[in-house]
Amino acid sequence: MNDSEESGNYEKNSLSLTGSVAMGTGVMIGAGIFALTGQVAEQAGGLFPLAFLAAAIVAGFSAYSYVKLAEQYPSAGGIATFLMKAYGKGTVTAGMSLLMYFSMVINESLVARTFGTYTLQLFDAKENQYWVPALGVGLLVAALIVNILGNKFIGTFSTVTAAIKIAGILVFAGAGLWVSGLNFDGVGVTERTSGGSFLSAVALALLAYKGFTTITNSGSEITNPKQNIGRSIIISLSICLAVYLLVGFAVAGNLSIAEIIQSRDYALAEAARPAFGQWGMYFTVGLAIVATISGLIASTFAVSRMLAMLSEMKLVPHKHFGMPGDIQKHTLVYTVVFAITLTILFDLSRIASLGAIFYIVMDMAVHWGVLRHVRENVNANRWMPITAIVLDAVILGAFLWMKASTDMLVIWVALGGIVIIFAGERLFLSWKEDDENDNEEQHSAHHDTA
């Protein structure tokens, strides 16, 4: 199977360096920063802005493997293609690809609940937490309808809203820093800060950067990929780091750590109150709503596209259930149903935690595949994937240790999910192999008879 077949024969576009940077930053800078700032502060205490810096370093080492793979195997097949080149078309490739898929679905539910949380800041229903999942589910259904109606609107809408949300976040950060008088007394080691809690916060903050994989997934569409993929990722990560640091210091300059933690699900809106008053809060909430709506619509398309590609690559089972339309229309429905389930069952903290665990496990598999199987093919320095694996292992270990003492349910759900995914894939691929062998035997017997 060639790369075009692996990618599902989707239409290709020509992306310049500027276009790929815009795409990467547009995906990374979005709804996640509205939800993750408070979650990271809860873990790292006063050092939470530095947790975003440390996460950028981890993401930088992680990006090396993806860049090398994308340069050698430019394809819209994304993570699945990279894993297949390293591990072959088997259980590891299928299972790890699904971990990436579900980490993206988890991110959708994170965005959906963030939409509900920030929207409630405009009304007196803040204490009625049933509205948070209800609003999140409503947004997911709306995103499904928009995606079914067509892709041209999605592209235009995403481009416009990406500019609005990035400009708006920069306005918020700049104004917040100005009003605070550049007073960052709350930034530093606090009673909540420890080595383990800081590393755990880095694992969460890494979610704000994982969107760089979108650039490598578009390797076949980027002009001069051998130069521009790496440049695009470096520039995108640098821009995102600058924005996240500005936001972090702006929040720290207007709220105490205790206030940030108390309002962790809507920290940016709360930080806008002392800085700008009620209208500033409205501005921030409006910005969060734009970011969540645009991010979820674009994400739903990307995630369903990934599942459709996995289906066409025969790595996952697919059932029509009587639905009309092509495979991606069906995977849109599956994706939204999964996201709705998570939105209803889990709060923001647990959703973010599950996403971090799934993503880091998959990320380590990519680096191990480069190190052990395709390092010479992609001309990679062995120490870069080794360093990336070590960094991933350290922050994941710290994160699991913290969760084991505070919320063991997250670990059990993550472990159960991983076991189900890999056991299910093992059974499916074994069944498919047996079925193909039976078909070959029947064809051979028919040929001999003839």
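Q: Is tyrosine 101 buried or exposed?
A: Tyrosine 101 is buried in this predicted model, since its relative accessible area is 1%.

Q: Which ring does tyrosine 101 pair with?
A: Tyrosine 101 pairs with phenylalanine 338. The two rings sit edge-to-face, with 6.5 Å from centre to centre and 80° between the planes.

Q: And where do those two sit in the chain?
A: Tyrosine 101 belongs to helix α6, while phenylalanine 338 belongs to helix α14, which covers residues 327-345. That makes it a link between distant parts of the chain, 237 residues apart.

Q: What about the accessibility of phenylalanine 338?
A: Phenylalanine 338 counts as partly exposed, because its relative accessibility is 36%.

Q: How many aromatic pairs are there?
A: The count is eight aromatic pairs. One of them joins phenylalanine 52 and tyrosine 244 in a tilted arrangement, 5.7 Å between centres and 45° between planes.

Q: Which residues form the aromatic cluster?
A: Phe52, Tyr209 and Tyr244 form one aromatic cluster.

Q: Let's switch to the core. Which residues have the most contacts inside the largest nonpolar core?
A: Those are Phe48, Tyr209 and Tyr244, in a core of 137 residues. Helix α13 (residues 267-312) contributes the most to this core, with 17 residues.

Q: What is phenylalanine 48 in contact with?
A: Beyond neighbours within four places in sequence, phenylalanine 48 is in contact with residues including Thr37, Val40, Gly248, Val251 and Ile260.

Q: New topic: how many salt bridges does the structure hold?
A: It holds one salt bridge. Aspartate 407 forms it with arginine 350, and their closest N and O atoms are 2.7 Å apart.

Q: Where are those two?
A: Aspartate 407 is in the loop between α16 (383-406) and α17 (408-449), and arginine 350 is in helix α15 (residues 348-378), so the pair ties together parts 57 residues apart in sequence. Aspartate 407 is buried, with a relative accessible area of 13%, whereas arginine 350 is partly exposed at 25%.

Q: What about arginine 113, which is buried yet has no salt bridge?
A: For arginine 113, the nearest side chain of opposite charge is aspartate 347, 6.5 Å away.

Q: What does the side chain of arginine 113 reach instead?
A: The arginine 113 side chain reaches the backbone oxygen of threonine 343 at 2.7 Å. Arginine 113 is placed in helix α6 (residues 91-119), and its contacts outside four places in sequence include Val132, Pro133, Phe346 and Leu348.

Q: One last stop: how many residues of helix α5 are buried?
A: Eight of the ten residues in helix α5 (residues 78-87) are buried, so the helix is mostly covered. Among them are Gly78, Phe82, Leu83 and Met84.

Q: And what comes just after α5?
A: Just after α5 is glycine 88, which takes a positive phi of about 80°.

How values were computed. Residues numbered from 1 in each chain as written. Predicted model: local features only at pLDDT ≥ 70, side-chain atom pairs only at ≥ 80, totals over all residues. Heavy atoms only, no water. Helix = DSSP H or I, 4+ residues; strand = E, 2+ residues; numbered from the N terminus. Buried < 20%, exposed > 50% of the residue type's maximum accessible area, 1.4 Å probe, protein only. Lys, Arg positive; Asp, Glu negative; His and termini not counted. Salt bridge = Lys/Arg side-chain N within 4 Å of Asp/Glu carboxyl O. Polar contact = N/O pair within 3.5 Å; in protein donor to acceptor, adjacent residues only side chain to side chain. Contact = heavy atoms within 4.5 Å. Phe/Tyr/Trp six-rings, centres within 6.5 Å; stacked < 30°, edge-to-face > 60°. Core = buried A, V, L, I, M, F, W, Y, C linked by side-chain atoms within 4.5 Å.
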